[in-house]
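Okay, thanks for making time, everyone.

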Amino acid sequence: MAASLAYALIATDLDGTLLRGDDTPSERSLAALARVAAAGSRHLVVTGRPAPRVRPLLDALGTTGLAVCGQGAQLYDAGANRLLWSVTLDREPAETALGKIEAEVGQVYAAVDQDGVDGLTLTEPGYLMPHPTLPAVRVDRRDDLWSAPISKVLLRHPVLSDDELAAVARGVVGSLATVTMSGPGTVELQPCGITKATGLAMAAEHLGLSGEHALAFGDMPNDVPMFQWAAHGVAMANAHPELKAVADEITLSNEDDGIAVVLDRLFPGR
């Protein structure tokens, strides 16, 4: 079997992976993904961004199929603009988890992604969005974060690094939530047991595929479960050391067309 046919499913993270620093994919990456589609393989975006923050990017990619959003908490049908599946993080475990973390490290600043295709990102006073291009609505008090069902909580600490905050959170949160780190300034709490792998597995099943058909690209620790599920995981040169440690391959950075380098090898043009 040709190498390209071994991967019927290509799963790509967005930030730091498929997207460059200006929030766009390169022309070379788009051309490589077009060859993937022409070969009969499926490309799935698998991202921590919630569905409303992904929709414009999917339009730019020409994606009308499925996308895994919200760290796996949402399976989004881009063509129909609807969620085929979603799971929310209840207020009680979220608040309890926040309390346990703050008991260890002092005050943290929080934001939430609301559930649904029109859900907002809400931020409490003191929280600074790590990605300035993503829209957010400032609320007056933490209690206002829970005005509607949410898919996850985003955390920042004024002093601790992302790695330090994530380590503390993992140590105290237990079964209240899943702790992930998905990018600079982005430590998150999502529903317990939900990861990119659970969302990707659901999407693959919907398409009649499995992990043995999958090639995955990523750059941060939240991509570790996806790499463990997929047959082959490719970390970007700019990836976090935790992801590089479990990767099957390391490619060039997101700024240097790292995804296209691998796809050009596996799906060569004619």
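Let me start with a question: how do α3 and α4 lie to each other? Before I answer, bear in mind that this is a predicted model.

So, α3 covers residues 91–105 and α4 covers residues 162–173, and their axes come within 9 Å and cross at roughly 120°. Anything from 65 to 115 degrees would have been roughly perpendicular, and it takes over 145 to be roughly antiparallel. That is why α3 and α4 end up as oblique to each other. As for handedness, α3 passes α4 in a right-handed crossing.

Who is actually touching whom? On the α3 side you have Ala97, Lys100, Ile101, Glu104 and Val105, and what they meet in α4 is Leu165, Val168, Ala169, Val172 and Val173. Sort that contact by class and you get eight nonpolar residues, two charged and no polar ones. If you look at the spacing of those numbers, recall that an α-helix has 3.6 residues a turn, so residues three or four places apart point the same way.

Now the other helix pair, α1 and α8. Here the axes are 9 Å apart and the packing angle is about 35°. This time the crossing is left-handed, with α1 passing α8. From α1, the residues involved are Arg28, Ser29, Ala32, Leu33, Arg35 and Val36, and they meet Ala260, Val261, Leu263 and Asp264 in α8. By class, that contact has six nonpolar residues, one polar and three charged.

Let's stay on α8 for a second, residues 258–266. Which of its residues are buried? Gly258, Ile259, Ala260, Val262, Leu263 and Leu266. And α1 is one of the elements they pack against; the others are β1 (9–12), β12 (214–218), β13 (232–235) and β14 (249–250).

His43 sits in strand β2, residues 42–46. Is His43 buried or exposed? Its relative accessible area is 18%, and the cut-off for buried is under 20%, so His43 counts as buried. Leaving out residues up to four places away in sequence, His43 touches Ile10, Thr12, Leu18 and Leu33.

Next, Glu124, in the loop between β7 (121–123) and β8 (137–138). Glu124 has 5% relative accessibility, so we call it buried. What does its side chain do in there? One end of the story is the backbone nitrogen of Ala110, which the side chain of Glu124 reaches at 2.7 Å. Then there is Arg142, whose side chain is joined to that of Glu124 by a polar contact of 2.9 Å. Beyond its neighbours within four places in sequence, the contacts of Glu124 include Val108, Tyr109, Arg138 and Leu145.

Thr180 is in strand β10, residues 178–183. Thr180 is buried too, because its relative accessibility is 8%. Its side chain makes a polar contact with the side chain of Gln190, at 3.2 Å. Not counting residues up to four places away, Thr180 touches a set of residues that includes Gln71, Arg170, Glu188 and Asn222.

Last thing, for those of you who like backbone torsions. Most residues other than glycine have a negative phi. Asp23 is not a glycine, and its phi is positive, about 70°. Asp23 lies in the loop between β1 and α1, and at 15% relative accessible area it is buried. Asn81 has a positive phi as well, about 50°, again without being a glycine. You'll find Asn81 in the loop between β4 (74–77) and β5 (82–86). Asn81 is partly exposed, with a relative accessible area of 32%.

Key: Residues numbered from 1 in each chain as written. Predicted model: local features only at pLDDT ≥ 70, side-chain atom pairs only at ≥ 80, totals over all residues. Heavy atoms only, no water. Axes fitted to C-alpha atoms, helices over the stretch in contact; angles between N-to-C directions. Helix = DSSP H or I, 4+ residues; strand = E, 2+ residues; numbered from the N terminus. Parallel < 35°, antiparallel > 145°, perpendicular 65-115°, else oblique. Left-handed = near helix turned anticlockwise from the far one by under 90°. Contact = heavy atoms within 4.5 Å. Nonpolar A, V, L, I, M, F, W, Y, C, P; charged D, E, K, R; others polar. Buried < 20%, exposed > 50% of the residue type's maximum accessible area, 1.4 Å probe, protein only. Polar contact = N/O pair within 3.5 Å; in protein donor to acceptor, adjacent residues only side chain to side chain.
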